[in-house]
Amino acid sequence: MGQEAYGRKTFWARVRILAKREGPGRLAKMKRWWMGAAAVLALDQGLKLWATRALQPGEVWPMGGRFFRLTRVHNSGAAFGLFPEGTLAFLVTSAVVASLLFAYLLWRRPQGLKAWASALILGGALGNLIDRARLGYVLDLFALGNFPVFNVADAALVLGVGILALGILRAQK
């Protein structure tokens with residue numbers, strides 16, 4: 001009976017139990033970084049949707065002279081166009097990273113910079129995962145100078161990893 005009753009509990013029922021145990025203040029903090037991940041995902045997917053409607057593949061819109069341009073690039077490789085044609089491997093890797101981060105955020109419930117860095121990484125990983133699963137490639141649209149074309153999800157991933165690295169370095173001192 002014990003295992004059977006436990007098996008019937010839904011995922012969200014377990015979340016509510018955890019939230020009750022942690023108190024309303026902790027739940028409010030959890031909601032903030034979940035909303036941060038959701039905001040990254042929504043902004044990323046919204047801009048990509050706009051780009052597919054407004055730009056043809058390879059089309060460039062200069063926005064700030066030669067330094068900043070909007071362009072539509074289909075990236076089947078890793079971040080910044082590295083390792084082209086690795087779509088399936090990157091799809092699986094993105095799914096594993098997103099799943100592990102989701103579990104980490106839910107069960108470990110990090111605080112402060114770790115929580116926000118993880119939320120940025122989760123939002124970015126999900127944004128690119130959705131592209132790879134739906135389109136077979138990641139849609140990139142921002143070009144800065146000679147830097148490779150990127151998107152909001154890429155920027156969130158880099159920012160999240162940077163914040164996490166700074167937090168780890170600060171903790172070691």
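A residue is called buried when its relative accessible area is under 20%, exposed when that area is over 50%, and partly exposed in between, as found with a 1.4 Å probe and protein chains only. What you see is a predicted model, in which local features need pLDDT of at least 70 and side-chain atom pairs count only at pLDDT 80 or more, while totals for chains, interfaces and linings use all residues. Residues are numbered from 1 along each chain as its sequence is written, and side-chain values use heavy atoms, with hydrogens and water left out.

Begin with the whole chain, coloured by secondary structure. Helices (H or I, at least four residues) and strands (E, at least two) are DSSP runs that are numbered from the N terminus, and this chain holds 6 helices and 3 strands. Of the 173 residues in the chain, 36% are buried.

Next, select residues 60-64, which are strand 1, together with residues 68-75, which are strand 2, and residues 138-144, which are strand 3. Strands pair if DSSP finds at least two bridges between them, and here the strands make an open sheet of 3 strands in the order 1-2-3, with antiparallel pairing. Strand 1 and strand 3 are at the edges with a single partner strand each, so one side of each has no neighbour in the sheet. Between neighbouring strands of this sheet the average turn is 30°, direction ignored, where the axes are lines fitted to C-alpha atoms (for helices over the stretch in contact) and angles run from 0 to 180 degrees between N-to-C directions.

Now zoom in on strand 1 and strand 2, which run antiparallel and are joined by 4 bridges. They form a hairpin with 3 residues between them, and in the turn you can pick out G65, whose phi is positive at about 70°. Across this pairing, P62 stands opposite R69, and G64 stands opposite F68.

Stay with strand 2 and look towards its other partner: 6 bridges join strand 2 to strand 3, again antiparallel. On this side, F68 stands opposite L144 in strand 3.

Which residues form one aromatic cluster? Select F68, F142, F147 and F150 to see it. Rings of Phe, Tyr and Trp (its six-membered ring) pair if their centres lie within 6.5 Å, and planes under 30 degrees apart count as stacked, over 60 as edge-to-face and the rest as tilted. By this rule there are 4 aromatic pairs. One of them is F68 with F142, a stacked pair with 6.2 Å from centre to centre and 20° between the planes. Because F68 lies in strand 2 and F142 in strand 3, this pair ties together parts that are 74 residues apart in sequence. F68 is partly exposed at 27% relative accessibility, whereas F142 is buried at 15%. The rings of F142 and F150 have centres 5.8 Å apart and planes at 45°, so this pair is tilted. F150 is buried too, with 14% relative accessibility.

Finally, select residues 112-135, which make up helix 5 with its 24 residues. From first C-alpha to last, helix 5 reaches 35 Å, close to the expected 34 Å, a span defined as 1.5 Å times one less than the number of residues. Just after helix 5, select G136, which takes a positive phi of about 90°.
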